[in-house]
Amino acid sequence: MGSKNKLKRFRENETFSNVVQPGREEVVDGQFGLKGKWGSDFFKNDKPIVLELGCGKGEYSVALAKAYPEKNFIGIDIKGARFWRGAKTALEEGLQNVAFLRSQIELIDLLFGENEVDEIWITFPDPQIKYKRTKHRMTNSEFLQRYKKILKPQGLVNLKTDSEFMHGYTLGLLHGEGHEVVQANHNVYKNEYSPKEVTGIQTFYEKQYLEQGKPITYVQFRIK
């Protein structure tokens, strides 16, 4: 994407009513006003809140919002030029139950209040295979504890990935730390019990992975 196109998208994001872009200092200093108030102050309702972490183009967040109007969805990514597409589509289609938040995932517990979130989706994250990148894996112990802070006690986390490494790493960590694995699936399109929100929504990249013959894996779990 050219720099002019990126700048155009950044400018458009600033005008979108469904995009929130707090400054890092504002968040770190505890000054972010929507923390703990997403339902009352942003969505203006008390519906369950579902996050998609590293939402990319926002395809999954938008598709989930269409499928589940009884829930609120927030796609989070640091790359605003990417989720511009999802934000624009949501506005064009009049979706009131989806928003996009430009921030870093490691600040997640400063962006949401305790027990504010019902469910988390992590869709096709970078597996960060090299050992020195372990701290950046979105299902490592540190991230799980951040998620636990904002999730309701029975809140769910969903990981959908094309990476067998990420799938195996996450399962091993979950079992090792005593978390609850609700379901684990090594190939969602060959399992008749796969949830419809797992097989019924395909991102741009997922379609490419499937064309390459890659199995798509899925883990749903609760953090103890």
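Trainee: Leaving aside its neighbours within four places in sequence, which residues is Y147 in contact with?

Mentor: This is a predicted model, in which local features need pLDDT of at least 70 and side-chain atom pairs count only at pLDDT 80 or more, while totals for chains, interfaces and linings use all residues. Residues are numbered from 1 along each chain as its sequence is written, and side-chain values use heavy atoms, with hydrogens and water left out. Contact means heavy atoms within 4.5 Å, and once neighbours within four places in sequence are set aside, the partners of Y147 are L53, I105, I108, I120, I122, M138 and I223.

Trainee: Where is E206 found, and is E206 buried or exposed?

Mentor: E206 is found in helix 10, where helices are DSSP runs of H or I with at least four residues, numbered from the N terminus. Buried means under 20% relative accessible area and exposed over 50%, with partly exposed in between, using a 1.4 Å probe and protein chains only. Because its relative accessibility is 0%, E206 counts as buried.

Trainee: Which side chain does a polar contact of 2.4 Å join to that of E206?

Mentor: Not counting residues up to four places away in sequence, E206 touches Y60, F124, K160, Y189, V198, I201 and I216. A polar contact is a pair of N or O atoms within 3.5 Å; within protein, one must be able to donate a hydrogen and the other to accept it, and residues adjacent in sequence count only if both atoms are side-chain atoms. The side chain joined to E206 by the 2.4 Å polar contact is that of Y189.

Trainee: What relative accessible area does T203 have?

Mentor: T203 lies in the loop between helix 9 (196–199) and helix 10 (204–211). T203 is buried, because its relative accessible area is 7%.

Notes: Helix = DSSP H or I, 4+ residues; strand = E, 2+ residues; numbered from the N terminus.
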